[in-house]
Amino acid sequence: AKKVSRSVIIEKFVVGDDYRLLVINYKLVAASKRTPAHVVGDGKSTIQGLIDIVNQNPKRGYGHEKVLTMIEVNDLTQGILKEAGKTVDSILDKDEVLILKDTANLSTGGTAEDVTDIVHPYNIFMAERIAKIVDLDICGIDIMTTDMSQPLPDTGGAVIEVNAGPGFRMHLDPAEGLPRNVAGHVVDMLYPPG
């Protein structure tokens with residue numbers, strides 16, 4: 001690395017699932033487990049055929065027009081397929097899961113499951129403290145951990161990013177779990193009683 005650059009950053013490799021904690025007015029109001037765009041094999045259909053089936057979901061659209069975004073096969077997807085020794089014409093075994101993107105963003109075809117009710121109190125306190133430290137009254141805190149119902153230090157998880165412009169789609173209409181009226185918290189913050 002020193003041959004390429006004078007400065008080198010070494011980071012811990014963190015494993016687990018991708019979570020987004022939404023903090024509004026310095027209080028945790030919603031949490032989602034985010035899953036990257038993926039397909040599940042049926043033993044008959046090609047990967048492209050499975051993508052086409054997933055994209056038939058009426059909740060999927062282009063950009064941010066709908067709750068979910070269409071899964072597009074781009075260079076990144078092609079690279080992931082190549083690394084797995086597959087092409088869009090490959091057939092997945094029944095129940096075989098194939099991740100198609102390297103991030104769990106809804107904008108790249110990912111899905112979200114509401115997990116607000118299982119977030120450990122330590123993780124709630126941490127998220128609210130982070131919002132205060134960076135002084136963002138609305139922020140999305142991205143966390144990687146194996147279990148959101150356990151304190152982050154106990155799972156070896158980590159905060160990946162603090163997002164100053166978090167999307168609300170995953171909380172308003174999750175693919176699984178309870179919808180959360182997060183926009184209501186914004187209105188309450190902007191227009192407090194009196």
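Author: Below is a quick tour of the model, question by question.

Reader: What kind of model is it, and what are the ground rules?
Author: This is a predicted model, where local features need pLDDT of at least 70 and side-chain atom pairs count only at pLDDT 80 or more, while totals for chains, interfaces and linings use all residues. Residues are numbered from 1 along each chain as its sequence is written, and side-chain values use heavy atoms, with hydrogens and water left out.

Reader: How many helices and strands?
Author: The chain has 6 helices and 9 strands. Helices (H or I, at least four residues) and strands (E, at least two) are DSSP runs, numbered from the N terminus.

Reader: What box do the C-alpha atoms fill, and what share of residues is buried?
Author: The box is roughly 60 × 50 × 30 Å along the principal axes. Of the 194 residues, 40% count as buried. Buried means under 20% relative accessible area, exposed means over 50%, and partly exposed is in between (1.4 Å probe, protein chains only).

Reader: On to pockets. What is the volume of the largest pocket?
Author: About 690 Å³. A pocket here is an open set of points on a 1 Å grid over the protein atoms alone, where a 1.4 Å probe fits, with protein on both sides within 12 Å along at least five of seven lines; lining residues have an atom within 4 Å of a point. Points are joined across faces, edges and corners, and the volume is the space filled by probe spheres set on them.

Reader: Which residues are closest to its centre?
Author: Asp18, Arg34, Thr103, Ala104 and Asn105, out of 32 lining residues. By type, the lining has 13 nonpolar, 9 polar and 10 charged residues. Ala, Val, Leu, Ile, Met, Phe, Trp, Tyr, Cys and Pro count as nonpolar, Asp, Glu, Lys and Arg as charged, and the others, Gly among them, as polar.

Reader: Which element gives the largest share of that lining?
Author: Strand 1, with 4 residues. Strand 1 (17-24), strand 2 (27-35), strand 8 (138-145), strand 9 (158-163) and helix 5 (169-172) each supply at least two.

Reader: Which strands does strand 8 pair with?
Author: Strand 8 pairs with strand 1 in the antiparallel sense over 8 bridges, and with strand 9, also antiparallel, over 5 bridges. Pairing needs at least two DSSP bridges between the strands. Asp17 has Thr145 of strand 8 as its bridge partner, and Ile141 has Val162 of strand 9.

Reader: Why call strand 8 largely enclosed?
Author: Because 6 of its 8 residues are buried, the rest of the structure largely encloses strand 8.

Reader: And the largest nonpolar core?
Author: It holds 16 residues, and Leu21, Val23, Val119, Ile141, Ile143 and Met148 touch the most other members. A nonpolar core is a set of buried Ala, Val, Leu, Ile, Met, Phe, Trp, Tyr and Cys residues joined through side-chain atoms within 4.5 Å. Strand 1, strand 2, helix 3 (121-133) and strand 8 each give two or more residues to this core. Helix 3 gives the most, 4 residues. A second, separate core has 11 residues, including Val39, Ile71, Leu81 and Leu100.

Reader: What does Ile143 touch?
Author: Beyond neighbours within four places in sequence, its contacts include Asp17, Leu21, Met126, Met148 and Ile160.

Reader: Last one. Where is Pro36?
Author: In the loop between strand 2 and strand 3 (38-40). Pro36 and Thr108 are 72 residues apart in sequence, yet 7.8 Å apart in space, C-alpha to C-alpha. Contacts of Pro36 outside four places in sequence include Thr103 and Ala104, and both of these are among the residues closest to the centre of the largest pocket.

Notes. Contact = heavy atoms within 4.5 Å.
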